[in-house]
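Here's a walk through some charged side chains and the secondary structure around them. Keep the viewer open and follow along.

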Amino acid sequence: MVEPVPESISFPSEEETILKLWQEKDCFQECLKQSKNRPRYTFYDGPPFATGLPHYGHILAGTIKDIVTRFAHQSGFHVDRRFGWDCHGLPVEYEIDKTLGIKGPEDVAKMGIAEYNKQCRNIVMRYSNEWETSVMRMGRWIDFKSDYKTLYPWFMETVWWVFKQLYDKGLVYRGVKVMPFSTACNTPLSNFESHQNYKDVQDPSVIVNFPLVESEDVSLIAWTTTPWTLPSNLALCVNPEFLYVKVKGEKQSLAQGSVLKCVLCVFRFPGKMLKGKKYKPLFTYFEKGAFQVVMDNYVKEEEGTGVVHQAPYFGADDYRVCTEYNIIQRDQVPICPVDASGCFTSEVTDFAGQYVKDADKNIIKWLKEKGRLVNASSFKHSYPFCWRSDTPLIYKAVPSWFVRVEHMVEKLLDNNAKCYWVPEFVREKRFGNWLRDARDWAISRNRYWGTPIPLWVSDDFEEVVCVGSVAELEELTGVKVTDLHRESIDSLTIPSRCGKGSLRRITEVFDCWFESGSMPYAQVHYPFENRKDSIDLVCIFFKSYCRFYTLLVLSTALFGKPPFKNVIVNGLVLASDGQKMSKRKKNYPDPGLIVQSYGADALRLYLINSPVVRAENLRFKEEGVRDVLKDVFLPWYNAYRFLVQNVQRLQKEDEIQFLYNESTAKQSDNIMDKWIQSFTQSLIQFFKAEMDAYRLYTVVPRLVKFVDMLTNWYVRTNRRRLKGESGTEDCLWALETLFSVLFSMCRLMAPFTPFITEMMYQNLRHLIDPASVEEKDSGSIHYLMLPQVRETLIDKRIESAVSQMQSVIELGRVIRDRKTLPVKYPLKEVVVIHQDAEALKDIQSLQKYILEELNVRQLTLSTDKDKYGIRLRAEPDHMVLGKRLKGAFKAVTASIKELSSEKLEAFQKTGSITVDGHELHEEDLRLMYTFDQSSGSAAQYEAHSDAQVLVLLDVTPDQSMVDEGVAREVINRIQKLRKKGHLVPSDEITVYYRCKPEGEYLDSVIQAHTDFILATTKAPLLPFPVPKTASVIIEETTQLKGSDLELTIVKGSSAPRAPLNGPACTYVNLRVKVDNKEQGSTWEQSLFFAAKIVHVCISMFVTELTSKTDLQTLSSKTLSVTSSSSSAGPVQTTDTLLCPYVNLLLCNAGEVATLLLDNPMGQNGLSYSGLLSEAAKVFGLRGRRLKLYQDQDLTQELPPDSSVKSLNTKTVFVRVLPTTAEA
């Protein structure tokens, strides 16, 4: 049975309950069992490091992965989801180096590699429990028990296999290359790693002179921002095509352009004339065959002097150019006087032991003392930092092992084109540009904790053996191998086949990105196991281009095909100030506390409904998560609660058990039912198409909009129907519609908000007809498939009509806000002007809703705005046009303001207009409607419009409407006080009021509108004093219209009435004689509806008395009515009521009425059901459920089978059954 839904909810607490449910039922594993025979959807989980706690970036990526895989399951696929862990590489080693104070390789040597790797192994899963807890708490379903770790020997073995394939294809070589180098981590980085962390920094900027040997009074001048490279200078480079000048100043100098303040330009010449010229070196540490001018086109004129100093082992272009000019040779010992920690070696005697960046200032000082410094300043530019240690990188030549990539750039681009990227521009621009600049990949690292490169070499590197498996290593070494880390295999040797003694393994390990690129194969131990697994895989990865790149390179090199079909790219989650999130700065809220406060679903939806899923950056703001609760979850929850309340009401009052069966549900003819059903089916259609295309950034906004459409439009405009006030059949239609929509919505939202949808489903499932359930096990919403599109329910005409209605209502609300006219205050008229007559028909069909929502009395439709004196005028967008037009902006602005209404109407249609020779478009102008002051409409109406429709509201004051608005304010105060007192509609109460000062405006309004207030609050409203015996629930004093309004709510209905003697209402007996046949009849008058009843009496029976007779004076009299022409006068005797009757007393309201049990005498006798129906009519309670009692304490209910005639002259007490959905 469906359970009642509480008024308030703690989403985090409900999520904890759902987590326990999933654990008890083992829902994730059950989900996998149910889908095991379905088509496979292959998913890769790019693994995190467990050396740190999860942050918002991890949560975002995990949420996207969870959404996509849940959707795949709901779409009929089997999705294995295994968690993976990155265990090797710099992140782990850097933590150990910090903890143990390790500064360089010599410290590791003292400790020993075995101990060092043991320390690494100890921390590699430091936070694994916290990770598992966090991932599970976020609602992500993934298998931790069958995880993979990059340190597993079987994983490492596949990495060896991948490398051996490349080696056998001739794609591996050893060389010296200038590479980005992390001095903090003592290792080179690949080019793509160096691109991950650029920062704007201030570096020293120096200009240095280089006197020519042939003429020492003439110097070349060069500029650099890395003074620390000057001790290694071996050449100067110029551009052969540039024009250089010789100038005469304090010293004669040569440079491209005018760098120095010179007195006289002596000579101009092309750069090629400088080729081969010798110059005097700055330092004499390295003198062999160097210190001459070379040429290359890489020298640019945008910055510097046109003369670039060459330190070939600290710059890639320097190395290339100096090699071409034989300044250095590829096979020579590198001239690289900087060690792995970034300190000068002993060769640089003046600065030995100094960290290069720290040595900059000492080098500048030295240059100044030697007269070689021309200028020194600082320079702000973008510079690469180590992605792990966040320290500046240097460029340094190191011997490395490389995988050839440059030769297959075209193939990489071709395979990339076969992949589907979301957003698509990333493939062609960001990633495509990266691929076009691809360089050979340095895969070796001079580190310890990683997968060792499986190369055994002779001392002279002439003989090389590449090992591709554990079995092969065991065969070659004769040793049983159980682990593949350095401490286990570095000591193993392989006998040389060429007589070179024993071959030893090289010391390097793989770059951990090589492991990442091998992951699709290594996670399943391919090819040693699972050889049947297809390489034609679907892959979802996020955030790091490095991972995409390495996957693509290895898959292209190994198989000639792309490694994945689909890629979703997300942006970065930044702190609210746009800075990178930093634990040190504490510039972001703890994710755990956010989930604890708002719940995981709210955080998930906030992240997914943001620019970050379009590969843009998100500034994280806690209030954004809070807004998800306020704007999405609470309205959604209230709609669900409202449904359950009214289903329970239906069962309690009408004993109708609500069970929903899609195949047997009757089609409603209500236009709003048809609209929300059509809107839902259109959403399902859109949802499937966009999710199949992985465009989460289009799907989530539509889902959020749907919540608004459901709660703020459908439920809001159909509350009375859902509460049963328009009859049982219509109520059932509305409830079935609301259930259908909520159930569909839960299934669509399940991948995005798995907790709240499960919570709702666990209750709603009891309202589903078991015969309609297709799934064998429907114990969780996450077992269910997505709803199928029911195209027969899609009606675009109705969707368009409701959209038109919404536009009218929203425009009207804007006008009310602008004029500070609350919706509580009724207005006379709303005028809707639209050029499309069909659109006006659509709006007319929904007139009822427009009048209710805008609280106006009349809707007028028109296609003629001129009738109301409406004109268009334009204002320029100052920001947009100001930037574009600059000096012409002022004149164009004046012309824009002079544009006629006719021209602007044409602009509305075409979207462009030419003003003063400038073509303007929709984004350049803001169109507004204004009134022609001569029309007289300006004072009566206020206008607002969108691109299609113009709405006018009659805002002229009307006292009766103002009074009604004040009465609505009183109702609002009473209902809010009810809520404060935690009352429900079924609670019987009486409201007492007092206005101070008494007799003022507010007091008179309440007295005049007591019936109006009562009809809404359904509680007696009585003036003070409050009886001393009354049980006060809550009381409050508020300000309203300049008066103090005191409200007190007490338990129970108002004081009981004295017993009624005789009919409660005035009446008149009629003796009607037609054709000499007489029959008796009675008309009674309700105390509250006397005027109406009298009017009916007059019109039907006593037309001759209408102008002169006071009918109240006829009370209890008998009139004779004949068919003759003579007038029927009153009979002077007083008679009792001719017909049997019963008095009715409406509990909690104080209203009384009298019903005739038959009329005329002996005819048309009332039954029990007729009595209920007539009671509802006389009290204006059609559609409400009533119960009848024989006593005032409501203990003796009138049985349905009782004789109604026995009630003659008695009083029956009428109780209105509550609609539990009322607040």
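What follows takes a handful of sites one at a time, starting with where the coordinates come from.

## Ground rules

Bear in mind that this is a predicted model. Searching the whole structure turns up 55 salt bridges, and a few of them come up below.

Start with Glu-829, which sits in strand β26, spanning residues 827-833. Glu-829 is buried, yet no salt bridge goes with it. How far away is the nearest side chain of opposite charge? That is Lys-867, at 7.7 Å.

Setting aside residues up to four places away in sequence, the residues Glu-829 touches include Val-856, Gln-858, Leu-952, Leu-953 and Asp-954, along with Thr-860 and Tyr-941.

## Helix α28 and what covers it

Next up is helix α28, residues 847-854. Its buried residues are Tyr-849, Ile-850, Leu-851, Glu-853 and Leu-854. What covers them? The cover includes α21 (671-692), α22 (696-717), α26 (796-818) and α27 (837-845), plus the strands β26 and β27 (856-862). So β26, the strand that holds Glu-829, is part of the cover over α28 as well. After the helix comes Asn-855, with a positive phi near 55 degrees.

The side chains of Glu-853 and Arg-716 meet in a salt bridge, 2.5 Å from N to O. Glu-853 belongs to helix α28 and Arg-716 to helix α22, so the pair ties together parts that are 137 residues apart in sequence. Are the two ends buried or exposed? Glu-853 has a relative accessible area of 7%, which means it is buried, while Arg-716 comes out at 44% and counts as partly exposed.

Another salt bridge joins Asp-483 and Arg-121, with the closest N and O atoms 3.8 Å apart. This pair links distant parts of the chain: Asp-483 lies in the loop between α14 (470-477) and α15 (486-489), whereas Arg-121 lies in helix α6 (residues 113-123), and 362 residues separate them. Asp-483 is buried, at 14% relative accessible area. Arg-121, at 35%, counts as partly exposed.

Now move to helix α10, residues 316-324, which is where Asp-317 is found. Which residues make up the salt-bridge network here? The members are Asp-296, Asp-317, Arg-320 and Glu-324. Within it, the side chains of Arg-320 and Glu-324 meet at 3.6 Å, N to O. These two are four residues apart in α10, so about one helical turn separates them. Arg-320 is partly exposed, with 31% relative accessibility.

Asp-317 is partly exposed too, at 33%. A polar contact of 3.3 Å joins its side chain to that of Arg-320. Apart from neighbours within four places in sequence, Asp-317 is in contact with Tyr-298 and Gln-310. If you'd like a distance across the model, the C-alpha atoms of Asp-317 and Asp-924 are separated by 48 Å, and the two residues are 607 apart along the chain.

Strand β14 (residues 393-403) is joined to β16 by two bridges, and the two run antiparallel. Opposite Ala-442 in β16 you'll find Phe-402.

Finally, check helix α7, residues 128-137. Its buried residues are Ser-128, Trp-131, Val-135 and Arg-137. Gly-139 follows α7 and has a positive phi, near 85 degrees.

Methods: Residues are numbered from 1 along each chain as its sequence is written. This is a predicted model: local features need pLDDT of at least 70, side-chain atom pairs count only at pLDDT 80 or more; totals for chains, interfaces and linings use all residues. Side-chain values use heavy atoms; hydrogens and water are left out. Buried means under 20% relative accessible area, exposed over 50%, partly exposed in between (1.4 Å probe, protein chains only). Lys and Arg count as positive and Asp and Glu as negative; His and the chain ends are not counted. A salt bridge is a side-chain nitrogen of Lys or Arg within 4 Å of a carboxyl oxygen of Asp or Glu. Contact means heavy atoms within 4.5 Å. A polar contact is a pair of N or O atoms within 3.5 Å; within protein, one must be able to donate a hydrogen and the other to accept it, and residues adjacent in sequence count only if both atoms are side-chain atoms. Two strands pair if DSSP finds at least two bridges between them.
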